[in-house]
Amino acid sequence: MIFRQLFDAESSTYTYLLGDEATRQAVLIDPVLEQADRDLQLVSELDLTLTHVLDTHVHADHVTASGLLRERTGCKVVGGVDGAACANVHVRHGDELRVGQLVFQVLATPGHTDDSVSYLLGDRVFTGDALLVRGNGRTDFQNGNAGQLHDSITRVLFSLPDETLVYPTHDYQGRTVTSISEEKRHNPRVAGKSREEFIHIMESLHLPKPQKMDIAVPANRACGHTAPSPQRG
Ligand code: FE
């Protein structure tokens with residue numbers, strides 16, 4: 001398997017490129033609009049064909065490149081069943097997505113947003129903002145729900161094997177990967193805390209609204225297409 005972790009410094013977003021060595025088919029998970037050229041160049045340099053873009057949820061802090069990448073490559077856009085209507089494929093818990101010999105299993109992990117899904121591929125899981133390194137996504141907008149997120153983390157993600165590697169969509173402190181075992185033991189919001197304590201923590205955060213939210217959420221419901229763009233006509 002071909003695997004690359006890419007980073008957008010402005011939004012602290014990780015994008016993942018996964019390719020099947022046999023068929024050269026590849027997917028990008030959570031690509032960022034401003035990084036589309038970079039990502040396509042890497043796909044080309046590795047002799048891959050982009051067949052799918054997987055969004056873990058409708059993001060509020062950056063605009064997805066999914067629609068632009070679909071225009072440029074003809075790839076399919078995949079998202080959760082409650083997510084962006086513009087996606088070609090809407091997946092739900094238990095679905096499998098085959099890309100060459102890669103088989104992604106879809107896990108519904110709502111709570112950060114109501115459409116959040118995680119994608120499990122063998123020994124690694126791509127959790128979006130449901131589970132971050134020593135943290136988790138906020139739950140105060142886009143139909144977020146702290147109790148639901150606690151259930152997604154502790155009942156769905158923590159039921160994976162301890163050694164499963166966790167690749168989040170963001171980190172703000174330079175950490176790149178964690179594991180289920182690490183998060184069970186060291187995630188300060190979950191380890192040793194009850195569901196009620198988790199809900200209380202989430203309700204006490206009072207975070208500022210993401211700067212790009214008013215642009216990003218409607219754009220991402222349209223696969224990243226903002227109001228008429230001179231670049232794309
Ligand atoms: Fe998010």
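Which residue in E9 is the bridge partner of Gln105? That would be Leu120. What you're looking at is a predicted model, where local features need pLDDT of at least 70, side-chain atom pairs count only at pLDDT 80 or more, and totals for chains, interfaces and linings use all residues. Residues are numbered from 1 along each chain as its sequence is written, and side-chain values use heavy atoms, leaving out hydrogens and water. Here's a quick tour.

**The iron site**

- The iron ion is held by His57 (NE2), His112 (NE2) and Asp129 (OD), at 2.0 to 2.3 Å; donors here are N, O and S atoms within 2.8 Å of the metal (3.2 Å for Na, K and Ca), and water is not among the atoms, so sites may look incomplete.
- Along the sequence, the donor residues follow the spacing H-x54-H-x16-D.
- His112 and Asp129 link distant parts of the chain, 17 residues apart: His112 sits in the loop between strand E8 (102-108) and strand E9 (117-121), while Asp129 is in the loop between strand E10 (124-128) and helix H3 (146-156).
- Helices (H or I, at least four residues) and strands (E, at least two) are DSSP runs, numbered from the N terminus.
- His112 counts as buried because its relative accessibility is 6%, and Asp129 is buried too, with a relative accessible area of 7%.
- For reference, buried means under 20% relative accessible area, exposed over 50% and partly exposed in between (1.4 Å probe, protein chains only).

- E9 is mostly covered, with five of its five residues buried.
- On one side you'll find Val117, Tyr119 and Leu121, and on the other Ser118 and Leu120, all of them buried.
- Why two sets? In a regular strand the side chains alternate between the two faces of the sheet.
- E8 and E9 run antiparallel and are joined by four bridges; two strands pair if DSSP finds at least two bridges between them.
- E9 and E10 are antiparallel as well, with three bridges, and Leu121 has Arg124 in E10 as its bridge partner.

**The largest pocket**

- The largest pocket has a volume of about 700 Å³.
- Its lining is made up of 30 residues, with Ser11, Asp61, Arg138, His170 and Tyr172 nearest the centre.
- Sorted by class, that lining holds ten nonpolar, eleven polar and nine charged residues.
- Ala, Val, Leu, Ile, Met, Phe, Trp, Tyr, Cys and Pro count as nonpolar, Asp, Glu, Lys and Arg as charged, and the others, Gly among them, as polar.

**The cavity**

- There is one cavity of 30 Å³ or more, and the largest cavity holds about 80 Å³ of space.
- On a 1 Å grid over the protein atoms alone, a cavity is a set of points where a 1.4 Å probe fits but cannot get out, whereas a pocket is an open set with protein on both sides within 12 Å along at least five of seven lines; lining residues have an atom within 4 Å of a point.
- Grid points are joined across faces, edges and corners, and a volume is the space filled by probe spheres set on the points.
- The largest cavity is lined by 13 residues, and Asp55, His57, Val58, Ala84 and Asn220 lie nearest its centre.

**Cys86**

- Cys86 is in the loop between strand E5 (76-80) and strand E6 (89-91), and at 22% relative accessibility it counts as partly exposed.
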